[in-house]
Structures are given as structure tokens and as C-alpha cells.
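Thanks for sending this one over. Here are my notes, point by point, to read alongside the structure.

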Amino acid sequence: MVTIECRNVWKSFDRKSVLRGLNLKINPGETVVVIGQSGTGKSVLLKHIVGLMHPDSGNVLIDGIDITKLSRNKLFELRMRFGMVFQGSALFDSYTVEENVGLALREHTDLPDEEVKRIAEEKLHMVGLDGIGDRHPAELSGGMKKRVGFARAIAMDPKCVLYDEPTTGLDPINSDVINNLIMKLSDELHITSVVVTHDLQSAYKVGDRIVMLYDGKVLFEGTPDEVRNTDQPIVRQFIEGRAEGPIAVGNAE
Amino acid sequence: MDATAPGATFTRAFREVGATVLGFLRDVGGSSIMLAGVIGRLYELPRTAHQTFLQMELIGIGSIPLVIVTAVFVGAVAAVQAAYQFQDYVPMVFLGTVVGKSVILELGPVLTALVVGGRVSASIAAELGTMKVTEQIDAMEVLAIDPQRYLVMPRIVACFVMLPVLTIFADFLAIIGGMVVANATVGVDYATFVEGLRLFFYVDDVISGIIKAATFGVIIGLMGCYNGFRTHGGAQGVGRATMQAVVSSCTCILITNYFLASVLFRVIFYKGD
């Protein structure tokens, strides 16, 4: 399990501030769901946690290690603790499903090929996909691609999994399959999970804690029940999905 | 102030020139850093042997048909042009000398690099650019796999190795093409052509051609990878990166060719006193 802490993180793109002094602590084994309007920096936050982006100022600490100060090699070592499920799955399209899931094992371990294949099949079985190892990503449906992305993310038994919009673009049934999978992985593997989503049903179901970003900062955090019952006008407008209210809709992407 | 006034036009032109120069310097710096990163990780090459051999096959074997057509016709036109300029002034025994020299020193390495560069740098930039915009490169980073080692190094090394091989193949085909055309159109028999070819044949010339080809190979691989990694903005971005990779590699090949020729023939292989 991993502790994640963001301290006063600022990030701008082309003079547009996305993160504006964000502070957030995620405790070991916790499943935190990050919600907020498009363009409030949810995916940017995930990329900072895993070192794909670096803050303009502020610190990102993983188990107490400030990753903004790590060398490239040390950062790669630290990333072994993470798995990430991308919004568009980001499967390597020239590789088969089995090669996608087994790639990290082939690169980072000396396991024989048969053992890598066995582990890849085991991970695919965990996400409910048996017998598709020989297929290419182009032959899979959106939901299957997401689940292969899950299998790839957990192939190296990470201590923390980051999910970037895991249910976006899926039908309600497939969305629930994904929600169950997030909960199953969290329970069975005892990992820290950070889920970025717009899908409130998903947020209420999988989250131990929900964090809402607004204006580049954490506006509100609490349990799913606290979010449901809050009087905070901005949170209420967001969870009720109203165009009218304190959130300036023109600012959304 | 009127935007169409001469002052405004001058300012805009000045700004655009400045932006172009800055962009060029940024690209030179960025690609140099990428190349330095690859050279610094060459000790990890055995770990990417599989990808490197795969790229060598794609780049080398895949370019053979293009190289055959280019080389044969380059040799043929070299023979026709030389024969036209020789008529009544220079003995035809020197036809083989001129075709051989021009092909080995210049036409073989440069034209092979330009045609292979167009094909390969575009293909690399499009592939890596698509991986970039679909977050596949980010996914690789999160899996703690260094994309510079896994994607860039095999491509640059494959180009570095395969360009000299393709160039030697192209030299051979161009000379054969020149010999056949010289025989068919000017009536220079094969023995005379070969005699002329051997008259001023130096191994140094072949070595300099190989050095040029290897350098051009690095440029082709580097420009493809650099532009692929800089891709942003979806399908349009991939198209832009692909075009930029071809333009950059061809431009860099032609500029580098001049400096390489100066260094190789005026310093390293200089035969004067």
C-alpha cells in the first residue's frame, strides 16, 4: 500500500493555471475518488502522482519520497509500485492482449516465457477475460479493452492503482462491471486506489472518500454520504448536474 | 495602430522569423538531448536486441524495392549524362571511373539516404506519434519501461546499421545500371567500363561513403523519433509530425553531407602533401 501526498501543487499550461495550490493526502489502502468539472485538473493530478508531469511548484510525496526531486532512474524504480488504467485504455496496438499484459513482466523480471504467459492469463482471468490472449486490441470491444488495461495495470502486483475515467464511454452494465472490478482489486490486493471520474454512481459505489476539485484546488472531501448530503452550493450544483448555479459553465471545457 | 501599416508588417515578419529561429534551435537542442540520452544508454542495447532486429528488418528489408529502383536509374542516368559530356573530349574508358566515383562518393549515400529517409522517418514519426496521442507512451512510462530505451534506441541503432548496408547494395546496383546503359546506349563494352572503374578506385572512397551513410542513418532515426515524441493534437498532429520528420531528415542529410564531405575529403582522407 502507498501513501500519496500533494503539497501546494501548482501547474500551468500556456499561462493557464490548472492546479492552483492543491493539497491532498491519500492514505494507504484507501480508495479515493476525484470528481470535478472537465478541465479542473483531475487527470493532471493523476499524472503528477505517477511522475508523468512535474509541478511548476509544490511537492508530490509517495511514501514520503518527493518524486519531483528524483532522477529518471529512481522515478522508474518508484513507478514499479503503481499501475494505471488509462481513459482510452492505451493498449499497445501492435501487441496481442497477452503481450500487453506480460510486457512489464518480460521487461522487469527473468521469468521464463511460459511463466509470464501463465501470470498474464491469471490476471486476465481476474478481470473476467479468459481465452483472448492471442487477440489484438483492435479486435476487442471498449469494455474488454478497459479490462485488459486493468489486467496490464495489476500484472506486476502494484501497491497503488490509478484509474483515469474508467467508466467513460461504457454502457451502464459494463460500467458496473468495471466498478465491481475496482472494488474487487482493492479488497483482494489491498491496494491504494485513486479513481478520477465524472460518473457519480461509480464514485458513490467505489469510493471510501470523494474529493471534489474546483478552481485547481480541493473544494470538498468526505465520504459518499457526506457528499450526497452536503449543502456546499458548488458541490450540490455538480452532483445534481444543474447548468444554473455558482459554477460558471462557460469555464468548463 | 493600423495593423496593415509597414511597421506592423515588419514587426510581424520579424516575430515570425524569430519564432522560426527559436523553433529550429529548440529542435536542435531537443534532438541532441534525445541522441545523447540514447548514446548514454547504449550499454542497455542487448536488452532491446529483439526490437532492434525487428526494426532492422522493417527498415532494411522493407526498403530494398525502393533502393533497387532508385539505384538502378541513378546509375543509368549518371552514365548517360557522363557519356554526353565526354563525347569528342574524353576517352570512354573513363566512363566507368566517373560513374563509380560519383556513385560511391555522393549519389549512393545521399540519394539512398533521401529516399530511405522519406520512407523510414515518416513511418517512425507516424507510429510513435500515434502512440503518443493515444497515451501508449505514457502507459509504457507507468509500466516503468523507458520509452527512450524501448522505442527510440532500437530505431536509431537499426537505421545506423542498415543505411550503410543499403548504401553498399545501392552502389553496386547503380554501377551495374550504369554499365548496362553505357553498353546499350554508347557502346562501351563491359570490360572497358570495369577497367575505367578500377583506374581510380580507392577503398577510402568506399569507407567515406559508409561513414556518410551511417551518419545519415542516425539522422533519419533521430528525426523520426524526435518528431514522433513531440506529437500532440490528434490525427492532425500525427500528420504534422510525419511531414516535419521527412522535411527535417532530408534537410539535415543535405546540410550534414556538405560538412561530412569537407571533413572526410579535406582532412581524414586527404591525399595531398
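1. The contact (heavy atoms within 4.5 Å) draws 23 residues from chain A and 20 residues from chain B. Keep in mind that this is a predicted model, where local features need pLDDT of at least 70 and side-chain atom pairs count only at pLDDT 80 or more, while totals for chains, interfaces and linings use all residues. Residues are numbered from 1 along each chain as its sequence is written, chains are lettered from A in the order written, and side-chain values use heavy atoms, without hydrogens and water.

2. About 1900 Å² is buried between chain A and chain B, with carbon and sulfur atoms giving 55%. Buried area is the accessible area (1.4 Å probe) that two parts lose on being put together, summed over both.

3. Seven salt bridges cross the interface of chain A and chain B; the rule asks for a side-chain nitrogen of Lys or Arg within 4 Å of a carboxyl oxygen of Asp or Glu. A:Lys47 and B:Asp138 form a salt bridge, with their closest N and O atoms 3.5 Å apart.

4. Which elements give two or more residues to the side of chain A that touches chain B? They are helix 2 (72–79), strand 6 (82–85) and helix 3 (97–108) of chain A, and helix 3 gives the most, with four residues. Helices (H or I, at least four residues) and strands (E, at least two) are DSSP runs, numbered from the N terminus.

5. Chain A also has an open, antiparallel sheet of four strands in the order 2-1-4-5, where pairing needs at least two DSSP bridges. Strand 2 (16–26) and strand 5 (65–66) of chain A each have a single partner strand, so one side of each lacks a neighbour in the sheet.
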